[in-house]
Amino acid sequence: KTAEGRKSIAEAGGNLVFIATGVFFVILGFLKRKNAFAHKRLMLTAMVLLTSAGVDRLILGFWDFGYFPPLVTILSLGPLLVLSIFDKLYLKKFRFLSLGLFVFVLAFRLLQPSKFIFTDKYGQNIIDDLSWLFLW
């Protein structure tokens with residue numbers, strides 16, 4: 001879409017950053033697979049990060065709400081929020097890992113680090129190189 005001009009460099013970079021961060025959490029979850037508590041939470045975080053583009057498409061295409069960023073954030077963070085509430089109700093206390101991952105993903109969605117990375121020439125070069133790699 002970026003090569004066709006339908007998506008800005010910052011938007012494409014945002015998807016790239018979410019994918020890379022999601023893959024990072026998949027690797028962490030894989031490494032922690034013997035600790036079921038941590039493994040489940042890390043893999044859920046990876047799922048939340050990797051499905052962020054799908055949540056956008058669900059809101060825009062299927063439900064036709066128009067683009068409403070708070071709704072995107074609420075829907076994408078829903079599983080982590082429910083997990084934190086579950087920990088409080090079932091385990092009788094907030095678990096740092098669950099709450100920490102929720103806060104991390106919330107900050108990640110609100111601060112959008114890709115806007116800082118992909119607004120200069122370096123970010124443009126990354127997108128151009130990836131476009132060449134996948135569109136040749």
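Colleague: What share of the accessible surface of the protein chain belongs to carbon and sulfur atoms?

Modeller: The model is a predicted one. Its protein chain has an accessible surface of about 9000 Å². The part that belongs to carbon and sulfur atoms is 71%.

Colleague: Which pattern does the protein chain follow along the sequence?

Modeller: The protein chain has zero strands and seven helices. Read along the sequence, the pattern is therefore made of helices, since helices and strands are the elements numbered from the N terminus. That pattern is α-α-α-α-α-α-α.

Colleague: Is Thr45 buried or exposed?

Modeller: Thr45 has its place in helix α2, which spans residues 36–50. Leaving aside residues up to four places away in sequence, Thr45 touches Phe25, Leu80, Leu101 and Val105. Its relative accessibility is 0%, and buried means under 20%. Thr45 is therefore buried.

Colleague: Which residue has its backbone oxygen 2.8 Å from a polar atom of the Thr45 side chain?

Modeller: The side chain of Thr45 has a polar atom at 2.8 Å from a backbone oxygen. The residue that carries this backbone oxygen is Arg41.

Colleague: Which helix supplies the largest share of the nonpolar patch?

Modeller: The patch covers about 690 Å² and is made by Ile19, Val23, Val26, Ile27, Phe30, Leu31, Met43 and Leu50. The largest share, six residues, comes from α1.

Note on methods
Residues are numbered from 1 along each chain as its sequence is written. This is a predicted model: local features need pLDDT of at least 70, side-chain atom pairs count only at pLDDT 80 or more; totals for chains, interfaces and linings use all residues. Side-chain values use heavy atoms; hydrogens and water are left out. Helices (H or I, at least four residues) and strands (E, at least two) are DSSP runs, numbered from the N terminus. Accessible areas come from the Shrake-Rupley method with a 1.4 Å probe; for residues, only the protein chains shown count as cover. Buried means under 20% relative accessible area, exposed over 50%, partly exposed in between (1.4 Å probe, protein chains only). A polar contact is a pair of N or O atoms within 3.5 Å; within protein, one must be able to donate a hydrogen and the other to accept it, and residues adjacent in sequence count only if both atoms are side-chain atoms. Contact means heavy atoms within 4.5 Å. Patches are made of residues with over 30% relative accessible area and no salt bridge: like charges are joined within 9 Å, nonpolar side chains (Val, Leu, Ile, Met, Phe, Trp, Tyr) within 5 Å. A salt bridge is a side-chain nitrogen of Lys or Arg within 4 Å of a carboxyl oxygen of Asp or Glu.
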